[in-house]
Amino acid sequence: MDISALIRERRSIRKYHDREVPQEVLAKILEDALWAPSALNRQNWQIVAVRGEQKEKLVEAIAKTNKYFKPHLEKLFPEKMVNITLQFFRTLGGAPVILLVYIPKIIVEIHPEMNNLERYQNEQGRLLSFISAAALIQNILLLAKAEGLGTCWMTAPKHVEDEINEVMGIEGKELVSVIPIGYPDQKPPAPPRKDNKVRWIGFEQK
Ligand SMILES: Cc1cc2nc3c(=O)[nH]c(=O)nc-3n(C[C@H](O)[C@H](O)[C@H](O)COP(=O)(O)O)c2cc1C
């Protein structure tokens with residue numbers, strides 16, 4: 001599949017087959033994904049791949065997200081959509097493997113009166129780690145798609161980051177995202193993309 005089709009045809013998958021993903025397949029995806037660019041080439045990210053009993057405990061912890069997420073969803077979506085989303089959070093779609101992506105925990109202090117330079121100087125450590133990890137995550141999603149696997153990039157579980165870290169015994173790190181991964185048991189339609197996201201300057205107007 002060419003890269004354009006890979007990017008366009010990747011979907012967030014919220015229902016997975018009960019079929020194991022071979023560790024070699026996962027290892028290859030993660031090895032390749034780790035070639036993502038990172039600010040100052042720091043590569044200060046960590047991926048935790050979880051399956052088996054520990055995954056069940058992790059799913060239980062992540063399911064607690066619903067308590068915080070439900071009121072937010074109710075403001076945005078019709079009831080049916082809210083129920084589907086909440087159900088997904090209860091099981092993570094039955095994914096056989098959950099990936100957690102972490103960066104170092106960096107405390108930043110920003111205030112409204114700071115100018116852009118002060119703000120950037122204060123938050124750059126966390127910001128650069130975060131956006132570098134996002135490049136890594138997008139690589140994982142695309143490489144997984146190329147292997148016939150489905151994924152869903154999730155940040156809502158950050159509501160229950162403390163519960164997740166407790167279950168995982170992780171300290172001193174910040175959770176960037178949770179990624180269930182497995183063979184897809186659905187073919188969701190592509191949510192439409194918005195227009196006018198590129199401003200052309202010195203080019204022909206498109
Ligand atoms: C930073 C980020 C956070 C996301 N968090 C969640 C999440 O917590 N739960 C979820 O079901 N989907 C989550 N998504 C998936 C988006 O809903 C999805 O990418 C979007 O609706 C477009 O659909 P597509 O991925 O199928 O193209 C997230 C995506 C991104 C990039």
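I started with the UniProt record, an unreviewed entry, which lists residues 7-183 as "domain: Nitroreductase". I'm working with a predicted model here. I looked up the secondary structure over residues 7-183 and got 51% helix and 14% strand.

**Ligand site.** Next I checked where the ligand goes, and it sits in the largest pocket. I found 13 residues around the ligand, and R11, S12, R14, W153 and R193 come nearest.

For S12, a polar side-chain atom lies 2.6 Å from a ligand oxygen. For R193, a side-chain N or O atom is 2.8 Å from an oxygen atom of the ligand. A156 comes in through its backbone: I noted a polar backbone atom there at 3.0 Å from a ligand oxygen.

**Burial.** How much of the ligand does the protein bury? I computed the area of the ligand taken alone, which exposes 620 Å², and the protein buries 69% of that.

Terms used
Residues numbered from 1 in each chain as written. Predicted model: local features only at pLDDT ≥ 70, side-chain atom pairs only at ≥ 80, totals over all residues. Heavy atoms only, no water. UniProt positions renumbered as here; feature names shortened; annotations may be inferred. Helix = DSSP H or I, 4+ residues; strand = E, 2+ residues; numbered from the N terminus. Near = heavy atom within 4 Å. Polar contact = N/O pair within 3.5 Å; in protein donor to acceptor, adjacent residues only side chain to side chain. Areas by Shrake-Rupley, 256 points an atom, 1.4 Å probe, with all protein chains shown as cover. 1 Å grid on protein atoms, 1.4 Å probe; cavity = no way out; pocket = protein on both sides within 12 Å on 5 of 7 lines; lining within 4 Å. Sits in = over half its atoms within 2 Å of the grid points.
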